[in-house]
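Then we'll walk through some of its contacts together.

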Amino acid sequence: MIAKIQFKNIFFILLGTAIMSFGLVYFNMENNLADGGFTGITLILYFVLNIDPAYSNIVLNIPLFILGWKVLGRNAFIYTLIGTIAVSLFLWLFQRYKWFALPLYDDLTLAALFAGVFIGTGLGIVFRFGGTTGGVDIIAKLGFKYFGWSMGRTMFIFDALVITSSLFYLNYREAMYTLLAVFVSAKVIDFMQQGAYSGKAAMIISDHASDISSAIMREMDRGATILKGKGTFTGHDRDVLYCVVGRNEMVRLKNLISKVDPHAFVTLTDVQDVLGEGFTLDENKKPFDL
């Protein structure tokens, strides 16, 4: 069954492409900074041949849409089409109607940080609501389907080639700040994809797992799950307690475990985008107002 097109998704894809395009125009193009992917190609064409990225973005993506519409699927294709057209529209708009100036060429550190944050935030929003901005995303999916290439590796190689090509017109100073902007953008995209809810997962091996579980529920109002395990050294069955808490509750959890069983074996790992009761749902399974 094909899912319906969500107008909420379209709204946020438009919002994300607007934020991304603002960053490209006001920070990358104004300060001679490059980028990866198809965006990087449009910037190369702009800086070397003075071709407007608003037009080159559409022209470069047309053959990919023809090749990749079956690979993307109906909804993903529609969202990608909207995202790609929106990027060109906002690039055209922001280049012709500049409401204020941000002269940052003398402070390329700030320019790179702004570029990374705006582009990363915009792309993060687009990806989070099921869209893409075309380009290398389609190439990666085509390579995976027909040649079995890793999508992550394909995207990395493509971005590396584009950024390397940018070195023919960038000086060493602009090149290094471009890498900074790309790094910041990638980190912001990861944060947007992982979500605001993050925490710590605790695996607790103890002879007093039930007591620790009861204490966690009673004193921290958190749930826990008892898993069955077996010690490889002794061959004895052991209870393994699994619990997820917020980062600000870690010290409290460790103190509670130590109080019940000072000899408990505990491992802690980062978890991202925690969903469910206590994080995104209340005790009645209703979403929190975020």
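Asp239 and Lys228 form a salt bridge, with their closest N and O atoms 2.9 Å apart. The term stands for a side-chain nitrogen of Lys or Arg within 4 Å of a carboxyl oxygen of Asp or Glu. Asp239 sits in strand E3 and Lys228 in strand E2 (residues 225-230), so this pair ties together parts that are eleven residues apart in sequence. Are these two buried or exposed? Asp239 is partly exposed, at 24% relative accessible area, while Lys228 counts as exposed at 72%. For those words, buried is under 20% relative accessible area, exposed is over 50%, and partly exposed is in between (1.4 Å probe, protein chains only).

A quick word on what you're looking at. This is a predicted model, where local features need pLDDT of at least 70 and side-chain atom pairs count only at pLDDT 80 or more, while totals for chains, interfaces and linings use all residues. Residues are numbered from 1 along each chain as its sequence is written, and side-chain values use heavy atoms, leaving out hydrogens and water.

Back to the charges: side chains of opposite charge can pair when their charged atoms come close. The whole structure has six salt bridges. One of them joins Lys200 to Asp270, with the closest N and O atoms 2.8 Å apart. That pair links distant parts of the chain, 70 residues apart: Lys200 is in strand E1 (residues 198-205) and Asp270 in strand E4 (residues 265-272). Asp270 is partly exposed, at 46% relative accessibility.

Now zoom out. The chain has ten helices and four strands; these are DSSP runs, numbered from the N terminus (helices: H or I, at least four residues; strands: E, at least two). Of the 290 residues in the chain, 43% are buried.

How do helices H3 and H4 pack? H3 (residues 53-72) meets H4 at an angle of about 180°, with the axes 10 Å apart. Here axes are lines fitted to C-alpha atoms over the stretch in contact, and angles between N-to-C directions run from 0 to 180 degrees. The two helices are therefore roughly antiparallel, a label for angles over 145 degrees.

Finally, look at Phe100, in the loop between helix H4 (74-96) and helix H5 (108-128). Phe100 is partly exposed, with a relative accessible area of 40%.

Technical notes: Parallel < 35°, antiparallel > 145°, perpendicular 65-115°, else oblique.
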